[in-house]
Amino acid sequence: MPSQAAIERKLKREKAARQAAEKLLEEKSLELFYANQKLEVALKQVEQRSEASFKRLELQQRVEKILIYFGRLFLRTNIDDVLLLDVVKQLDEISESIECSITLAPDTLPSLKLPSYVSGPPKVILEGDAHINTSIPIEVEQKQIGSINLIVSQSSVDMGFVHSQMSSVGELLSSSIYRNLITLRLVESKERAEASERATREFLAMINHELRTPLNGLLGSVELLADTKLTDSQKDLHQNLSQSGLMLRTIINDLLDFSKINAGMLELIDSEFRWYNIDSMLQSIFEHKTTEKQLNFSIDAQCLDDKIICADQERLTQVLVNLLGNAVKFTDRGHVHLNIEEENGNYVFRISDTGIGISDSAQEKLFQPFTQADRSSSRNYEGTGLGLAICKRLVELMGGSISLSSELGVGTVFKVVLPLNVETAEIHSQRVENGASASFDLSTMKVLVVDDIKLNQVIITKMLSKLAISHDVAVNGVEAVDCARKRQYDLIFMDCRMPVMDGFEATRILRAEQYQNPIVALTAGTTREERQTCFDVGMDDILSKPYTAKDLVKTLTKWNPNLA
């Protein structure tokens, strides 16, 4: 049997082993406890990160939805108070932890009246939490005009992420407000341009009337004076007066037409006429001057002698007067010729002279307005510098071209190519063009002349008296309406601008009363709008000032009821 001592030693060893095992178990249990704790902490951290990521994703999606919705809306609609309040409301709804408002500087846009934009009362959830106040600037043209103001719960939201998302909203508002401002500026610019255009048109209409009206009296008096008995000395003075008046008419036309072209108001008015109408005008203007300078002056237009031309007679005459006027002015000996030929379906006008010529450098700027080729060191030749610029623009309006060739000391040739509508003369066109023919008796006509200017009354009534036409005179629209109600007239010549009642209103009243006889406008207005107004109120035709006796006879013949 084992001894007592051996048993005790064995028990001691078992006890020590058991104690060591218990200690090891205790240590492992403690390690397991710590590991469990770390695992729980890690799990909580993972859960927190997942929740934060989900919140970030949800916030981002909601902001993107807002950006898409309002981005499209702002492209179609101007920003106003209702839209901004809607923006704030939707921003408030993206998170319970964020409260939003928007403030803008006063007068940012006329459509924005409120000083600030808040969707409603403060959120209850924010009242007991730690908050962070931040703002996102709204900038337009590098200037801050407002801000998106945020109150954010400090414990629940990543401020950096919130700031970056709200910055996108701020950029959207900035670009939208800038676009609205640009639109407003464009509207204001357009309104200013339209006001300026209206002022220009009104000024041109006024100055057109103020210049052409006395010119009508001047040229009409000169024409009537030619039918009186004049001494040789008086005939010379009359010739000078006639030439000066016609040249003044050309200068006035140039100045007014240049302004009308720049304002987009010039309109070509085609009519049927014979070449001799222009030929006689050119002869009357330049024959005396060329004789005085001992120049050989000739016009060769055989290709147009038996033709009816359909074009703007006044503008074609204006071009030729300017070109021939320059040729005569710069030629001291030799000749000035106008030759017209038909080439390839177009008509070519060549104005040649043996004048002092134009240098190559001067030719480059010759067609610029208010520019003169100073072809003498002492500048002996005066002028407005508009003639050739007007010629170029008128020729281009007529669908043609103008060019020149010149040599200093030898002369100059201007070449104008025009696609004129020309037909062989027919019997029926004789009536239109030869109204002054004795075969047409106008003496049976009864005419009413309505004009407030005494000189113009004298001119037209004397022209009518020469044709043995019976006429009455009214000085304003009220008298005109009264006369037309009491008497029957074959034709009414109606001035447009008069005191008391103008010709437009008088014509409206007569047409409203079913007055059927022709009413012809007597007007110095030549713009498209003025002419259209004449027809809109019920006028049948226009006799533009200054007019000649031939113009008057042509109009009378056209509307003579006995020739209808």
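The legends below describe close-up views of a predicted model.

**View 1. Packing of helix α11 against helix α12.** Helix α11 spans residues 477–486 and helix α12 residues 503–512; their axes lie 8 Å apart and meet at an angle of about 25°. Angles under 35 degrees count as roughly parallel, and α11 and α12 are therefore roughly parallel to each other. The crossing of α11 past α12 is right-handed. On the α11 side the contact is formed by Gly477, Val481, Ala484 and Arg485, and on the α12 side by Ala506, Ile509 and Leu510. By class, the residues of this contact comprise 5 nonpolar, 1 polar and 1 charged.

View 2. Strand β15 covers residues 491–495 and contains Asp495. An unreviewed UniProt entry carries the annotation "modified residue: 4-aspartylphosphate" for Asp495. The relative accessibility of Asp495 is 1%, so the residue counts as buried. Apart from neighbours within four places in sequence, Asp495 contacts Val450, Asp451, Asp452, Gly503, Leu522 and Lys545.

**View 3. Asp541 in strand β17.** Asp541 belongs to strand β17, residues 541–544. With a relative accessible area of 14%, Asp541 is buried. Beyond its neighbours within four places in sequence, Asp541 is in contact with Ile519, Val520, Ala521, Phe535, Lys558 and Trp559. The C-alpha atom of Asp541 is 8.1 Å from that of Pro518, a residue 23 residues apart along the chain.

**View 4. The cis peptide bond between Lys545 and Pro546.** Omega of the bond joining Lys545 and Pro546 is about -5°. Pro546 sits in the loop between β17 and α14, the latter covering 549–559.

**View 5. Helix α8 and the glycine after it.** Helix α8 runs over residues 387–397, and its buried residues include Gly387, Leu388, Ala389, Ile390, Cys391, Leu394 and Val395. Gly399 follows α8 and has a positive phi, near 80°.

View 6. Asp107 has a positive phi near 65° and lies in the loop between β1 (98–104) and β2 (116–118). Its relative accessible area is 76%, so Asp107 is exposed. Ala468, likewise a residue other than glycine, has a positive phi near 60°. The loop holding Ala468 lies between α10 (454–466) and β14 (470–474). At 48% relative accessibility, Ala468 counts as partly exposed.

Methods
Residues are numbered from 1 along each chain as its sequence is written. This is a predicted model: local features need pLDDT of at least 70, side-chain atom pairs count only at pLDDT 80 or more; totals for chains, interfaces and linings use all residues. Side-chain values use heavy atoms; hydrogens and water are left out. Axes are lines fitted to C-alpha atoms, for helices over the stretch in contact, and angles run from 0 to 180 degrees between N-to-C directions. Helices (H or I, at least four residues) and strands (E, at least two) are DSSP runs, numbered from the N terminus. Angles under 35 degrees count as roughly parallel, over 145 as roughly antiparallel, 65 to 115 as roughly perpendicular and the rest as oblique. A crossing is left-handed if the near helix is turned anticlockwise from the far one by less than a right angle, and right-handed if clockwise. Contact means heavy atoms within 4.5 Å. Ala, Val, Leu, Ile, Met, Phe, Trp, Tyr, Cys and Pro count as nonpolar, Asp, Glu, Lys and Arg as charged, and the others, Gly among them, as polar. UniProt positions are given in the numbering used here, feature names are shortened, and annotations may be inferred rather than shown by experiment. Buried means under 20% relative accessible area, exposed over 50%, partly exposed in between (1.4 Å probe, protein chains only).
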